Amino acid sequence: MIHSPQFYQQSVIPSTVSRWTNNFLKNKLALSAFVLLALIFLVALFAPWIAPYDPAIQFENTKLPPAWYDDGMARHLLGTDDLGRDLFSRLVHGARLSLKLAIFVVVIASSIGMLLGSLSALSNVWIDQIIMRVMDLILALPSLLLAIVIVALIGPGLPNAIYAVAIVLIPHFVLITRNAIKAELGKEYVTAMMLDGATKVRLFTHSILPNILPSVIVQITLAFSTAVLEIAALGFLGLGAQAPYPEWGTILSESHAYITIAPWTVALPGLAIFFTLLSINLVGEGLRDAMELEQ
């Protein structure tokens, strides 16, 4: 049997997602942040099995230092707070609550923001102007200050804090979606599809939406960081999650009065918030850099 020679060498072109992944893996800092963030999510996901105690159970030893102190106890790894509650258990359950709330906020804000941004970009001028003026009005105030004003008007509490943070995040998704769609509408492939008779809905779902996803994904990571911070800030001010919820901001609010005699009760939840925000922001920056390399 005579084998015919192979004249053409086949080459496999990686998909866009594969190229993004390869670019992201080359960023060691972003990759390390992703590992840390994944670990935080795993702790939050398996909180009921990781935490040794119920976060509301009170023990006799109050303001007990962490186990590595001379007067610490091994069964309370990170010590206890002023009411004798195990701080490790409260932080682990706090990760579950804080991240769950932040995810819920981002889902609400991104869904409404992308819908309004798409409507603004694809509608008549007067609809675009009305939407953008409302967004400009919301953006005129700092996000945390606006969230505080909203909660003060509708009343403190966890549900109202979620709505307030979602409202202040919506304009960011509106702007990023509107600007990305406007940029795509000026490209030749959009003109070709419109001349071919494509409707606005088909044009958006089949062509524009896949091309604006990188910008939206990066905005989602940044919004997630903002949501975690502002939910914690509202909890610290007593406007968000209320005791006995083990939300990180609420834990800080309950412990800040004892910072001189029990500094670990303030430092540990503060470090939890800091490393969570740091990892989210670094992952977001890494994603943006990885996607920009392909443009």
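Which residues does UniProt list for "transmembrane region"? The unreviewed entry gives residues 29–51, 101–122, 134–155, 161–181, 212–237 and 257–283; such annotations may be inferred rather than shown by experiment.

This is a predicted model, in which local features need pLDDT of at least 70 and side-chain atom pairs count only at pLDDT 80 or more, while totals for chains, interfaces and linings use all residues. Residues are numbered from 1 along each chain as its sequence is written, and side-chain values use heavy atoms, without hydrogens or water.

**View 1. Two of the listed stretches.** Residues 101–122 are 100% helix and 0% strand (helices are DSSP runs of H or I, at least four residues; strands are runs of E, at least two). The end C-alpha atoms of this stretch are 32 Å apart. Residues 134–155 are 82% helix and 0% strand, with end C-alpha atoms 23 Å apart.

**View 2. Helix H4 against helix H7.** H4 (residues 87–122) and H7 (residues 158–185) pack at an angle of about 40°, and their axes are 6 Å apart. Axes are lines fitted to C-alpha atoms over the stretch in contact, and angles run from 0 to 180 degrees between N-to-C directions. The contact has 21 nonpolar, 6 polar and 2 charged residues, with Gly counted as polar.

**View 3. The largest nonpolar core.** This core has 57 residues; a core joins buried nonpolar residues (under 20% relative accessible area, 1.4 Å probe) through side-chain atoms within 4.5 Å. Val105 and Leu169 touch the most other members. H7 gives the largest share, 11 residues.

**View 4. Around Val105.** Leaving out residues up to four places away in sequence, Val105 touches Ile162, Val165, Ala166, Leu169, Ala227 and Ile231 (contact means heavy atoms within 4.5 Å).

Note on methods
Buried < 20%, exposed > 50% of the residue type's maximum accessible area, 1.4 Å probe, protein only.
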